[in-house]
Amino acid sequence: MRRYHAGMEQNLRIPGPTPIPREVREAQSAPMIDHRGTEFAALQQEITQGIAGLIGTSGDVLLLTGSGSGAMEAAVVNTLSPGDRTLVVTIGAFGDRFAKIAQAFGAGVERFEVPWGEPAEPEALRNHLSSRPPYKAVLITHNETSTGVLNPLHEIADAVRAAPGNPLLVVDGISGLGAMPFEMGAWGVDLVVSASQKAWMASPGIAIAAVGERAWQASEQAQMPRFYWDFREARSWATKGQTPWTPAVSVLFGLRVGVQRLVAEGTERTWARHGAVARGAQAGMEAAGLRLVAPLGHRSPTVTAAWLPEGLEWSPFNATMRARGLVIAGGQGQWSGRILRFGHMGDVEWQEIGDAVRVLAETLSEFGHPTDASAAEAAGREAFESALVAR
């Protein structure tokens with residue numbers, strides 16, 4: 001039995017931070033530069049142009065120093081005023097977080113709540129929007145990390161675009177952007193946020209906001225307080241090749257490499273790789289006897305959630321996997337101690353996923369849930385290979 005020790009690299013399979021490629025690690029250790037100089041201006045421009053192309057927008061991409069949750073707060077305070085009618089579509093913990101942020105700044109929040117483990121249904125949302133007074137904005141999570149459920153965002157965007165009052169569509173794309181189909185302009189998304197430590201393959205520290213024209217118009221009227229997160233200030237400095245506040249320069253060195261890798265791979269191949277890896281992980285977990293949370297057709301390409309078997313206590317089970325070098329995440333909120341969450345985004349190929357499936361299955365057997373670890377790994381590989389061929 002393999003045991004983890006301090007000098008051994010973990011098989012990090014959480015929904016983020018994600019494993020960092022060697023060349024990203026090397027880039028992040030480069031000497032510091034002047035964040036008010038021409039070298040930084042070129043760095044910022046390359047990153048923002050690369051991201052814009054990868055997510056299908058000709059609008060502004062802003063790089064903010066902070067976490068994904070900071071980007072969510074920035075999205076709220078730059079588009080809304082206290083009292084604005086705001087519909088938050090929530091299918092899990094991060095949808096709930098979006099609602100809490102908007103409430104904290106005084107928005108008139110109404111929740112379109114979907115049971116955890118299920119996606120939002122576009123037609124139900126369309127009916128809701130058409131039967132209520134107009135909303136200023138609709139806030140939604142594309143890929144719900146707490147449940148492993150992928151919302152049908154394209155169809156949801158169509159429903160929002162048809163709603164009375166033409167509300168803004170503001171998207172939390174933190175755990176999906178860069179790894180799965182997303183066409184900001186074509187779908188009519190007004191604002192989407194992300195973060196460096198997810199599919200972009202860099203360390204935590206950079207929040208990303210892609211801002212469309214209607215979101216910029218909203219920012220001119222928005223009355224929520226903001227200073228550090230002011231998009232207008234960020235755009236003004238970006239035109240000079242700078243950021244208003246001291247940026248996380250080392251993280252940006254790594255983010256540039258992550259974006260370069262995705263540009264070189266091409267979106268179609270990136271999406272296919274993530275889809276195939278996800279299918280392999282899911283098939284392997286099912287072969288190990290686990291029941292997946294998300295329904296078919298709505299399973300995330302970046303994180304898979306599965307129910308813990310009856311009677312299995314998460315803490316010792318998790319500790320044993322960690323001792324073997326496998327690090328996965330447990331449940332959040334109301335599902336704490338009830339599910340596990342297995343991340344597969346960014347710098348990911350089949351080998352590390354297959355290893356993780358095997359260790360997961362071996363540990364299940366040790367905790368009284370017998371399974372054939374080799375068969376589970378083989379089932380995952382077959383599904384992975386079949387998915388690649390199908391693409």
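Which elements each supply at least two residues of the lining of the second largest cavity? They are helix H2 (38–55), strand S2 and helix H9 (231–238), with helices (H or I, at least four residues) and strands (E, at least two) taken as DSSP runs numbered from the N terminus. This is a predicted model, where local features need pLDDT of at least 70, side-chain atom pairs count only at pLDDT 80 or more, and totals for chains, interfaces and linings use all residues. Residues are numbered from 1 along each chain as its sequence is written, and side-chain values use heavy atoms, with hydrogens and water left out.

**Confidence**
- Mean pLDDT (the predictor's confidence in each residue, from 0 to 100) is 96 for the chain, and 98% of residues reach 70 or more.
- Residues 1–7 have pLDDT below 50.

**Largest cavity**
- A cavity is a set of points, on a 1 Å grid over the protein atoms alone, where a 1.4 Å probe fits but cannot get out; lining residues have an atom within 4 Å of a point.
- The largest one holds about 90 Å³ of space, the volume being what probe spheres set on the points fill.
- Its lining includes Trp 229, Asp 230 and Trp 245.
- S2 (residues 60–65) gives the largest share of that lining, three residues.

**Second largest cavity**
- This one holds about 70 Å³.
- Among its lining residues are Gln 44, Val 61 and Ala 238.
- S2 again gives the largest share, three residues.

How values were computed. Contact = heavy atoms within 4.5 Å. 1 Å grid on protein atoms, 1.4 Å probe; cavity = no way out; pocket = protein on both sides within 12 Å on 5 of 7 lines; lining within 4 Å.
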